[in-house]
Amino acid sequence: MVNDRQLRLLLDNLTSAVLVLDDKLALCYLNSAAENLVAVSNARGSGQPLEEVVRENPAALEALRASLASGEKYTVRRALWLLHNLEECTVDYSVTPLPDLGLLLLEVQSMDRLLRIAREDALLSAQETTRNLVRGMAHEVKNPLGGIRGAAQLLQTELKELDDEGLGEYTQIIIEEADRLRNLVDRMLGPRKPVELQPVNVHTITERVAQLIEAECSGALIIERDYDPSIPDIPADSEQLIQAVLNIARNAMQAIAESIGLGKGSLIIRTRVQRQFTIGRRHCSLVCRIDVVDNGPGIPEDIRERIFYPMISGRAEGTGLGLSLSQHIINQHRGLIKCESEPGQTEFQIYLPLASE
């Protein structure tokens, strides 16, 4: 026979959250997984009405009462719960009435992690597809550019022999424009050399970026450092990683300058360690996170999902290549870059594995 203590021990070792409600929809019991999910201990939650701990919608409460009255089980998919601490979570849950006991049993599975993994997997796949498309297009553009430039040089030589300086100016324009397009294509292709991973202190990266931004804006922009000094060295190509973070910080500085002015702007560079993180389909026990947060105007909603694509920019003077290059460099480090933006705050998050795999 299983006694009450053993039963509770079994329930506490389940990965699914278990909540037990009485006939008034007040909490009677939460196992450990449920405590973690709703951020309330069993001792504190017992006796509290469910809607004071978790809110879904009035229809959900009526469905619970109907299940208790009818004895019918049901399952809800992708329900959005608002917790008492105002955090949101997406869950699947099954309701099992226990009419003989006057209780309802809720088995809850958090979907946030699975949804996040699916979104990041789709993001990485889209980024890889776009990068391959751009690289293929860039190579196709470079081939005829070389021919155009070579023909213009030959024509320029012939015109010099004919002493025709007027037409020679046109050939020089052709050569210069061909060079400009070639440089643009090279930037689209990204760094030519592969990353050379060496142990690097992440704060040498962030400090270098902060110093460069301070120099570019002559100290007019407030830059706040929020570092975790306990972060161990990360395997990285220092030069390329500086470029990746600098592109993001420089975009923020320029957006602030064009909107509210550097004197009213602020930039936060933050580092943290994150445990048990998934990048695409790879599980990482430890990752280093670099956040770049600004109080600028935010990224326009119509391009928010496409900001890492080449030639996409929210600024009139922007080339749309900086973020694409940053994304390429971070992917070469087997990391992930994400963005969350709204008016008044834009946050880029860079995740880098803390160990080579």
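Leaving aside residues up to four places away in sequence, Asp 228 touches His 203, Thr 271, Arg 272 and Val 273, where contact means heavy atoms within 4.5 Å. The model is predicted, so local features need pLDDT of at least 70 and side-chain atom pairs count only at pLDDT 80 or more, while totals for chains, interfaces and linings use all residues. Residues are numbered from 1 along each chain as its sequence is written, and side-chain values use heavy atoms, with hydrogens and water left out.

Asp 228 lies in the loop between strand S8 (222–226) and strand S9 (234–236); strands here are DSSP runs of E with at least two residues, helices runs of H or I with at least four, numbered from the N terminus.

Strand S8 belongs to an open sheet of 5 strands in the order S8-S10-S11-S13-S12, with mixed pairing; two strands pair if DSSP finds at least two bridges between them. S8 and strand S12 (336–342) stand at the edges with a single partner strand each, so one side of each has no neighbour in the sheet. S8 runs parallel to strand S10 (residues 266–279), joined to it by 5 bridges, and Ile 223 stands opposite Leu 267 in S10.
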